[in-house]
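Please read the points below with the sequence and the model side by side.

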Amino acid sequence: MKLVERAEQEKELERILAECGEGKGAVVLLDGPGGSGKTELLHRAAEAAQRRGALVLRASCSRAERALPFGVLGQLLNTVPAGREPGARLQTLYGRLTATAPAQDAGPPPPGIGPELALLLNDVAGAFLDLAEEERDFGHDRGAVDPDPEVDAPPAEPRPAPGPGATAVPGRATAGPEGATAVPGRATAVPEGATASLFIGIDNLRHADPRSLDCLLYLARRSASARIVLVLADDTVAQSGRSQFRTELLDQPHTRRIPLAPLTEEQVAGLLGVHLDDQAAAERLAPEFHACSGGNLLLLRALLDDHTLGGGVRKEGYGRAVLRQLGRLDAQVVAVARAVTVLGTGHPERLARLAGVDTGTAESALGLLESVGLMDGPVLRHDITRQAVLEDLAPEERDRLRQTAASLMYEQGCPAPDIARQLTELDRPGGDWSVDVLLEAAEQELLAGRTHRAVAALAAALRARTDQEPGRAAIEARLVQVRRLFDPAAAEHHLAVLTAAARAGDLDSAHTIDLVRQLLWQGRPAEAGPLLERLREERPEPHSEVAAQLEDTERWLAWTHPTVARRTHRPAPGEGQRQRPGGAPRPAASWSRPTALLADALVNGRAHEVVGQAHQVLKDRGPSYDLTWPEEPALLALGVLLCTDSPDTPAWCDRLLREGHTPYSPTWMGLLSATRAEAALRLGDLTGAVEHAQQALNHISPNAWGVAVGGPLGSLVLATTRMGHYDEAGAYLTRTVPKPMFDTRYGLHYLHARGQYHLAAGHHHAALADFLACGDRMRAWGIDVPGVVPWRTGAAEAWLALGNREQASRLAYDQLGRPGANGARARAGALRVLAVAGPATRRPQMLSEALDLYERCGDRYEQIRVLADLGAAYHELGDNRRARTHVRRARHLVALCGAAPLSDGLLSFPDEAEEPATAPGAPVGDNGLLTDSERRVAALAVGGYTNREIAAKLFITPSTVEQHLTRVYRKLGVRCRKDLPVELATSVSEAILAQEA
């Protein structure tokens, strides 16, 4: 890597080398954190000295050799060329040194230096000085030329006499007060063109053995007037045992400290610009690279390699660089780094206890980790750092650290979710307290919407309990409840174990009730039935919560799974709020009471009586609901609104879809999307129905839907059939569905949709069989109300297709007499069948009433069918003007609805215009009589929108809509909206855009 940001330091080293040629020795301390480029800068300085003709001696310290006395000195001597007398003397001295200093542990040196060792170290320093002098003469003789020939050599001057602190050795050089050495009989003049004679470079000084450091100090004190440059690469943070060495070294007047700081973001951008050859990309990547590396050159090189290999931060590159950087640090710092990766925070006291060091050491280690770019304040810079460090640990050590961390956090009263993050990583959490912490953490994570963390905590609690320990079944039951929120298929794997526990009596009644619901969802009534019977036989204490929940569950079963429901007394309206003796309301789970109330109303055809309660349930829906079955009250409330054709049903669905759910639940979103698809079908929005049904199946896989898959799948079949996409509808019908689905209300929707497909495809007998199968089930289950599925209307249409008008009329009259048939949709469907099956003279009256009812419901698809029937009826009666009017309205609605088969049928009607042509420039259909506001209202009315929908689209009140329509009727001379000219609806979207403008 090019040292583009170390140019100033390189120039400083060049100046020092040049000054050394004038007889000015220097000690250079390259001081900076790991990864700051010290090694590369030392290498560059050595190359520069070699180019100047100096003898280069180099050594690299290692932690493994720290216990070897004079190991660094030995490395230096190994690089001395053979044949030099000072070199041979150094080898002899080295042998004597190693003989006097046995190997020691890598720790602080023993206090003091004995006389014998002091003399030897002085001799070694003198030999190095002699080597420098000899190298000067040798280099001068071979013609070494200083890179800067204009620099004049200083005049020769004698070396000073020995001073204080110097040791005189007979026949040897002596050191003066400035650390210079006089060698008798040697020339002291510096010839012209001379340069540094000896360059000593030592890397990773922090790992140098103590005796070599003593030797370096001896040499440093004597090199001020010698042609020696001593360059030492060291860390900024002093390690134990080296503070005295650094202090004495820096006290020397010829020592120069060159600090190396991590790169700033601007410097990172400059470095990237050189290596990427793209300044724009460098500016864009610089913040991310600096954030990940902290300016550490080693990490930056790894990030560059990762970027070259495809971008992003990779464990193979950046992760390995992190481990390399850690490998350069002391064991205590590495222990603190591992503690940080486990705890995820830089809390010094907790880290110290986990790492097994004192608090001061932990704080120093944190500072060092930040200086080398691994931490940003109290946290790790990147998650890859955490992964790399953890994966580098042995599994046993990793588990030990996590268990110890969890125990420390529990002892210090940390929040349960924080402790649980340690315990969830263990194969089996230890400690009697761990299960309680995990269960508490799971509930807190659920309330915060972090479902996956809640599942991890419950799974860890389950691992902490053996099969024989009490309470294990309750933990697994709660795990199933939570998993069902986002992955019902995964929850199914626990059902067999829970069923066995329930049979053995190890599962309480509340969890058994929930297990019954889970089994029924997965289409396993054979297992759910016996458990339900056992609950009924146990007869829980009256007015208890379990008794209330079981009673509410029975009412819910009567609506969703009638085959397993007990036939009990149907309470009258308001009876759901039974009182306990003394007037206290009965206890029940938060989901069960509204669920039972709404389900009971749907079963008994009293949905119109609980519309207010349904709206209240939707308003109150939120995280306060019990997480057991959080979607049931809201889904049943929407079911009530659907059965009563409430116009705000789609708006409620859209609102709930936008709000989501706390905790987030794909199951809830899927069920809600399926309900929205059904609402779109009831409005004739076929494209929207397909979109929402497909979204429902995308939220959770079809296999995870269980028996409820009949809802979205039935909507897809019905919508695509009405759009004329018969191949697509047939493909949906080939999908495998659970057989028990046909024993639930979801199967009714599926059967009805399949019957409509067969009817559209011309398979009239198959269609009749499906519709009658719906009827048989609904009658047997006691839910034969038109709001579920209009099976009588479907069967009547099949009889009409088969030519049996009498059977069709009988079914239509039967539907008009059923409970709940006073609703607009049920009555409109029956009237249309009676009109089509009856004489032509009676058709317009019944079809007009049916059209009004469908307009009230907002169902464009059924409006098209009735309009087409009205057009056919008027055409048969000879009233072609009215026939064309209704057909044109039907064609316009077809364009909004997308029902291709109905469009093809409408093309067969004649459309000759009998009215006189409109005057040029006059608005079509009103001859300029209507104002802009009236024309917009009339256009939407012709388009089939209800007064409330028109008010919402034009941002006016329904009363204003009625006033506008009254004036439009008067001006155009018509009596009602069905007589409005179809030409007014040439562009509904233009009317809305005009209003918005």
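1. Which residue of β5 is the bridge partner of Leu55? The partner of Leu55 in β5 is Leu198, and β2 and strand β5 (residues 198–203) pair in the parallel sense over six bridges, where pairing requires that DSSP finds at least two bridges between the strands. Helices (H or I, at least four residues) and strands (E, at least two) are DSSP runs numbered from the N terminus.

2. This is a predicted model, in which local features need pLDDT of at least 70, side-chain atom pairs count only at pLDDT 80 or more, and totals for chains, interfaces and linings use all residues. Residues are numbered from 1 along each chain as its sequence is written, and side-chain values use heavy atoms, with hydrogens and water left out.

3. The open sheet consists of five strands in the order β2-β5-β6-β1-β7, with parallel pairing. Because β2 (55–60) and β7 (255–259) stand at the edges with a single partner strand each, one side of each is left without a neighbour in the sheet.

4. Helix α6 (residues 210–221) packs on this sheet and touches β1 (26–31), β5 and β6 (228–234), contact meaning heavy atoms within 4.5 Å. Helix α7 (residues 243–251) also packs on the sheet, touching β1, β6 and β7.

5. Elsewhere in the numbering, helix α20 (residues 472–486) and helix α30 (residues 666–682) pack at an angle of about 50°, with their axes 4 Å apart; axes are lines fitted to C-alpha atoms, for helices over the stretch in contact, and angles run from 0 to 180 degrees between N-to-C directions. The contact is made by Arg484, Leu485 and Phe486 of α20 and Pro666, Thr667 and Trp668 of α30.
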